[in-house]
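Work through these exercises with the structure open. Try each task before you read its solution.

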Amino acid sequence: MSALGHVFEEAGLATVALGSIGAHIQGTAPPRGLWCDFPLGRPLGKPNDADFQHRVLAHAFGLLTSPEPVVEKFAETIDDDGTATMSCELPPRHDPSLHPAVDEANGLRQAYDRAVAKLGNRTGAGRVVAADDIGAAVQSFVRVAEGTPWKEAGIPGIPARVAQDIRGYYETAALALAEHAPAPWAGARWFFTSTEAGRTIMAARKAMADAGEKQPIWFFLAPGDM
(Lines give C-alpha, C1' and ligand atoms only; values in the text may rest on other atoms or scores of the structure.)
Protein backbone atom coordinates (compact mmCIF):
# COMPACT_ATOMS: atom_id res chain seq x y z
CA MET A 1 0.00 0.00 0.00
CA SER A 2 2.89 2.37 0.66
CA ALA A 3 4.24 1.89 -2.87
CA LEU A 4 0.75 2.40 -4.29
CA GLY A 5 0.48 5.60 -2.27
CA HIS A 6 3.53 6.98 -4.06
CA VAL A 7 1.96 6.12 -7.43
CA PHE A 8 -1.21 8.01 -6.49
CA GLU A 9 0.81 10.95 -5.21
CA GLU A 10 2.63 11.22 -8.54
CA ALA A 11 -0.79 11.44 -10.18
CA GLY A 12 -1.73 14.33 -7.88
CA LEU A 13 -3.73 12.48 -5.22
CA ALA A 14 -2.85 12.95 -1.57
CA THR A 15 -2.74 9.69 0.39
CA VAL A 16 -2.38 8.43 3.93
CA ALA A 17 -1.76 4.83 5.04
CA LEU A 18 -2.74 3.21 8.33
CA GLY A 19 -0.47 0.50 9.72
CA SER A 20 -0.70 -1.79 12.74
CA ILE A 21 3.01 -2.67 12.96
CA GLY A 22 5.37 0.25 13.53
CA ALA A 23 8.43 -1.32 11.92
CA HIS A 24 6.46 -2.14 8.79
CA ILE A 25 5.02 1.29 8.21
CA GLN A 26 8.36 2.92 8.99
CA GLY A 27 10.19 0.53 6.69
CA THR A 28 7.82 0.85 3.74
CA ALA A 29 7.85 4.67 3.99
CA PRO A 30 4.43 5.76 2.71
CA PRO A 31 4.01 9.42 1.69
CA ARG A 32 1.98 9.87 4.89
CA GLY A 33 1.39 7.18 7.46
CA LEU A 34 -0.32 6.68 10.80
CA TRP A 35 0.91 3.88 13.00
CA CYS A 36 -2.03 2.56 15.01
CA ASP A 37 -0.70 0.17 17.64
CA PHE A 38 -3.78 -2.03 17.52
CA PRO A 39 -4.13 -5.81 17.02
CA LEU A 40 -4.06 -6.96 13.40
CA GLY A 41 -7.47 -6.87 11.76
CA ARG A 42 -8.62 -3.88 13.80
CA PRO A 43 -7.27 -0.91 11.80
CA LEU A 44 -9.61 1.56 13.50
CA GLY A 45 -9.23 0.10 16.96
CA LYS A 46 -12.31 -0.60 19.03
CA PRO A 47 -15.36 -2.26 17.42
CA ASN A 48 -18.66 -0.44 17.95
CA ASP A 49 -16.88 2.60 19.39
CA ALA A 50 -17.60 5.34 16.87
CA ASP A 51 -15.92 8.08 18.91
CA PHE A 52 -12.66 6.14 19.08
CA GLN A 53 -12.76 5.30 15.38
CA HIS A 54 -13.49 8.93 14.49
CA ARG A 55 -10.42 10.03 16.48
CA VAL A 56 -8.29 7.62 14.45
CA LEU A 57 -9.72 8.89 11.17
CA ALA A 58 -9.38 12.52 12.20
CA HIS A 59 -5.69 12.00 12.96
CA ALA A 60 -5.18 10.17 9.67
CA PHE A 61 -6.98 12.77 7.56
CA GLY A 62 -5.09 15.53 9.36
CA LEU A 63 -1.87 14.17 7.85
CA LEU A 64 -3.16 14.94 4.36
CA THR A 65 -2.19 18.60 4.84
CA SER A 66 1.49 17.72 5.31
CA PRO A 67 3.56 18.74 2.26
CA GLU A 68 6.40 16.42 3.35
CA PRO A 69 6.57 12.67 4.01
CA VAL A 70 5.47 11.96 7.56
CA VAL A 71 4.73 8.96 9.78
CA GLU A 72 3.09 9.55 13.15
CA LYS A 73 1.86 7.28 15.92
CA PHE A 74 -1.71 7.39 17.18
CA ALA A 75 -1.70 8.36 20.83
CA GLU A 76 -3.68 5.40 22.16
CA THR A 77 -2.63 1.72 22.16
CA ILE A 78 -4.76 -1.41 22.31
CA ASP A 79 -2.99 -4.45 23.74
CA ASP A 80 -3.71 -8.12 23.19
CA ASP A 81 -2.37 -10.16 26.08
CA GLY A 82 -2.74 -13.37 24.11
CA THR A 83 -5.08 -15.05 26.59
CA ALA A 84 -8.61 -13.70 26.08
CA THR A 85 -11.19 -16.09 24.62
CA MET A 86 -14.84 -15.75 23.78
CA SER A 87 -17.52 -16.95 26.15
CA CYS A 88 -19.97 -18.64 23.84
CA GLU A 89 -22.38 -21.49 24.58
CA LEU A 90 -22.44 -24.08 21.83
CA PRO A 91 -25.64 -25.89 20.77
CA PRO A 92 -26.37 -29.31 22.28
CA ARG A 93 -25.90 -32.51 20.30
CA HIS A 94 -28.73 -33.13 17.84
CA ASP A 95 -27.77 -36.11 15.69
CA PRO A 96 -25.69 -38.70 17.58
CA SER A 97 -25.10 -40.62 14.35
CA LEU A 98 -22.76 -37.85 13.17
CA HIS A 99 -19.24 -37.10 14.37
CA PRO A 100 -19.49 -34.52 17.19
CA ALA A 101 -17.66 -31.90 15.10
CA VAL A 102 -20.04 -32.32 12.16
CA ASP A 103 -23.11 -32.28 14.40
CA GLU A 104 -21.77 -29.15 16.10
CA ALA A 105 -21.21 -27.37 12.78
CA ASN A 106 -24.72 -28.20 11.61
CA GLY A 107 -26.15 -26.96 14.89
CA LEU A 108 -24.59 -23.53 14.42
CA ARG A 109 -26.29 -22.82 11.10
CA GLN A 110 -29.18 -20.76 12.49
CA ALA A 111 -26.80 -18.59 14.52
CA TYR A 112 -24.59 -18.17 11.45
CA ASP A 113 -27.54 -17.05 9.34
CA ARG A 114 -28.62 -14.56 12.01
CA ALA A 115 -25.14 -13.07 12.17
CA VAL A 116 -24.89 -12.77 8.37
CA ALA A 117 -28.30 -11.09 8.21
CA LYS A 118 -27.21 -8.56 10.82
CA LEU A 119 -23.54 -8.02 9.99
CA GLY A 120 -23.02 -9.27 6.46
CA ASN A 121 -20.68 -12.04 5.40
CA ARG A 122 -17.38 -10.21 5.73
CA THR A 123 -15.59 -12.93 7.68
CA GLY A 124 -17.78 -16.01 7.25
CA ALA A 125 -17.79 -18.96 4.88
CA GLY A 126 -17.87 -18.78 1.11
CA ARG A 127 -14.32 -18.20 -0.07
CA VAL A 128 -13.95 -21.90 -0.88
CA VAL A 129 -16.73 -23.65 1.01
CA ALA A 130 -20.35 -22.47 1.08
CA ALA A 131 -22.20 -22.49 4.40
CA ASP A 132 -24.31 -25.42 3.18
CA ASP A 133 -21.15 -27.51 2.78
CA ILE A 134 -19.36 -26.70 6.05
CA GLY A 135 -20.44 -29.97 7.67
CA ALA A 136 -18.97 -32.00 4.81
CA ALA A 137 -15.76 -29.97 4.97
CA VAL A 138 -15.47 -30.65 8.71
CA GLN A 139 -16.00 -34.36 8.01
CA SER A 140 -13.05 -34.33 5.60
CA PHE A 141 -10.78 -33.12 8.41
CA VAL A 142 -12.23 -35.80 10.69
CA ARG A 143 -10.97 -38.37 8.17
CA VAL A 144 -7.52 -36.80 8.15
CA ALA A 145 -7.39 -36.75 11.95
CA GLU A 146 -8.30 -40.44 11.93
CA GLY A 147 -5.46 -41.31 9.57
CA THR A 148 -6.70 -40.85 6.01
CA PRO A 149 -4.11 -39.13 3.78
CA TRP A 150 -5.31 -35.58 3.16
CA LYS A 151 -5.43 -36.03 -0.61
CA GLU A 152 -7.84 -38.94 -0.15
CA ALA A 153 -10.01 -37.35 2.54
CA GLY A 154 -12.24 -35.26 0.28
CA ILE A 155 -11.02 -31.84 1.45
CA PRO A 156 -12.80 -29.52 -1.01
CA GLY A 157 -9.85 -27.27 -1.85
CA ILE A 158 -6.51 -26.13 -0.47
CA PRO A 159 -6.61 -27.34 3.16
CA ALA A 160 -5.68 -23.99 4.71
CA ARG A 161 -8.37 -22.13 2.78
CA VAL A 162 -10.99 -24.71 3.68
CA ALA A 163 -9.98 -24.48 7.34
CA GLN A 164 -10.27 -20.69 7.15
CA ASP A 165 -13.82 -20.98 5.85
CA ILE A 166 -14.76 -23.37 8.66
CA ARG A 167 -13.23 -21.05 11.24
CA GLY A 168 -14.96 -18.03 9.65
CA TYR A 169 -18.29 -19.85 9.78
CA TYR A 170 -17.82 -20.59 13.48
CA GLU A 171 -16.61 -17.13 14.43
CA THR A 172 -19.48 -15.51 12.55
CA ALA A 173 -22.02 -17.77 14.27
CA ALA A 174 -20.40 -16.96 17.61
CA LEU A 175 -21.10 -13.25 17.12
CA ALA A 176 -24.81 -14.06 17.14
CA LEU A 177 -24.53 -16.31 20.18
CA ALA A 178 -22.25 -14.09 22.25
CA GLU A 179 -23.90 -10.80 21.16
CA HIS A 180 -20.77 -8.77 21.85
CA ALA A 181 -17.61 -7.83 19.99
CA PRO A 182 -14.87 -10.20 21.17
CA ALA A 183 -11.38 -9.16 22.17
CA PRO A 184 -8.73 -9.42 19.43
CA TRP A 185 -8.06 -13.06 18.48
CA ALA A 186 -10.50 -14.23 21.16
CA GLY A 187 -12.65 -15.84 18.49
CA ALA A 188 -9.72 -17.79 17.05
CA ARG A 189 -8.66 -19.02 20.50
CA TRP A 190 -12.24 -20.05 21.26
CA PHE A 191 -12.53 -21.93 17.96
CA PHE A 192 -9.34 -23.93 18.30
CA THR A 193 -9.61 -24.69 22.02
CA SER A 194 -13.34 -24.91 22.76
CA THR A 195 -15.06 -26.34 19.68
CA GLU A 196 -15.10 -29.86 18.29
CA ALA A 197 -14.36 -28.57 14.80
CA GLY A 198 -11.38 -26.52 15.95
CA ARG A 199 -9.90 -29.42 17.88
CA THR A 200 -10.49 -31.68 14.89
CA ILE A 201 -8.58 -29.33 12.60
CA MET A 202 -5.72 -29.20 15.09
CA ALA A 203 -5.70 -33.01 15.24
CA ALA A 204 -5.67 -33.16 11.44
CA ARG A 205 -2.82 -30.66 11.41
CA LYS A 206 -0.78 -32.88 13.72
CA ALA A 207 -1.64 -35.99 11.71
CA MET A 208 -0.47 -34.32 8.49
CA ALA A 209 2.75 -33.14 10.13
CA ASP A 210 3.41 -36.60 11.60
CA ALA A 211 2.83 -38.14 8.15
CA GLY A 212 5.62 -36.01 6.74
CA GLU A 213 3.50 -33.75 4.56
CA LYS A 214 5.11 -30.53 3.37
CA GLN A 215 4.91 -27.84 6.05
CA PRO A 216 2.83 -25.31 4.05
CA ILE A 217 0.10 -27.94 3.62
CA TRP A 218 -0.50 -28.39 7.34
CA PHE A 219 1.07 -25.44 9.14
CA PHE A 220 -1.40 -22.83 7.87
CA LEU A 221 -4.46 -24.77 8.99
CA ALA A 222 -4.22 -22.57 12.10
CA PRO A 223 -2.37 -19.42 13.15
CA GLY A 224 1.28 -20.12 13.81
CA ASP A 225 1.03 -19.54 17.55
CA MET A 226 -1.85 -21.97 18.03
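**Exercise 1.** Find the distance at which the side chains of E9 and R32 meet, and name the kind of link. Then decide which parts of the chain this pair ties together.

*Solution.* 
Step 1. Keep in mind that this is a predicted model.
Step 2. Look at the N and O atoms of the two side chains. E9 and R32 come to 2.4 Å, N to O. A salt bridge needs a Lys or Arg side-chain nitrogen within 4 Å of an Asp or Glu carboxyl oxygen. The pair is therefore a salt bridge.
Step 3. E9 sits in helix 1 (residues 2-10), while R32 belongs to strand 2.
Step 4. Check exposure. Buried means under 20% relative accessible area. R32 has 8%, so R32 is buried. E9 has 24%, so E9 is partly exposed.

**Exercise 2.** Strand 2 pairs with strand 3. How many bridges join them, and do they run parallel or antiparallel? Which hand does the crossover have?

*Solution.* 
Step 1. Locate the strands. Strand 2 covers residues 32-35, and strand 3 covers residues 70-73.
Step 2. Count the bridges. There are 4, and the strands run parallel.
Step 3. Pick out a facing pair. G33 stands opposite V71 of strand 3.
Step 4. Follow the chain from strand 2 to strand 3. The path goes through helix 3 (residues 50-62). This β-α-β crossover is left-handed.

**Exercise 3.** Compare two salt bridges, R167 with E171 and K206 with D210. In which helix does each pair lie?

*Solution.* 
Step 1. Side chains of opposite charge can pair when their charged atoms come close.
Step 2. Read the distances. The closest N and O atoms of R167 and E171 are 2.7 Å apart. For K206 and D210, the closest N and O atoms are also 2.7 Å apart.
Step 3. Name the helices. R167 and E171 are in helix 7. K206 and D210 are in helix 9 (residues 196-210).
Step 4. R167 and E171 are 4 residues apart in their helix, so about one helical turn separates them. K206 and D210 are likewise 4 residues apart, which means about one helical turn.
Step 5. Check exposure. Exposed means over 50%. K206 has 53% relative accessibility, so K206 is exposed. D210 has 58% and is exposed too. E171, with 22%, is partly exposed.
Step 6. R109, D113 and D132 are linked in a network of salt bridges.

**Exercise 4.** Is T172 buried or exposed? Which backbone oxygen does its side chain reach?

*Solution.* 
Step 1. Read its accessibility. The value is 3%, so T172 is buried.
Step 2. Follow the side chain. The side chain of T172 reaches the backbone oxygen of G168 at 2.8 Å.
Step 3. List its contacts beyond four places in sequence. T172 touches Y112, A115, V116, T123 and G124.

**Exercise 5.** Where is N106 found, and which residues is N106 in contact with beyond four places in sequence?

*Solution.* 
Step 1. Find the element. N106 lies in helix 4 (residues 100-107).
Step 2. Look beyond the sequence neighbours. N106 is in contact with L98 and G135.
Step 3. Compare sequence and space. N106 and I134 are 28 residues apart along the chain, and their C-alpha atoms are separated by 7.9 Å.

Notes
Residues are numbered from 1 along each chain as its sequence is written. This is a predicted model: local features need pLDDT of at least 70, side-chain atom pairs count only at pLDDT 80 or more; totals for chains, interfaces and linings use all residues. Side-chain values use heavy atoms; hydrogens and water are left out. Helices (H or I, at least four residues) and strands (E, at least two) are DSSP runs, numbered from the N terminus. Contact means heavy atoms within 4.5 Å. Two strands pair if DSSP finds at least two bridges between them. A crossover is right-handed if, with the strands pointing away from the viewer, the path from the first strand over the helix to the second runs clockwise. Buried means under 20% relative accessible area, exposed over 50%, partly exposed in between (1.4 Å probe, protein chains only). A polar contact is a pair of N or O atoms within 3.5 Å; within protein, one must be able to donate a hydrogen and the other to accept it, and residues adjacent in sequence count only if both atoms are side-chain atoms.
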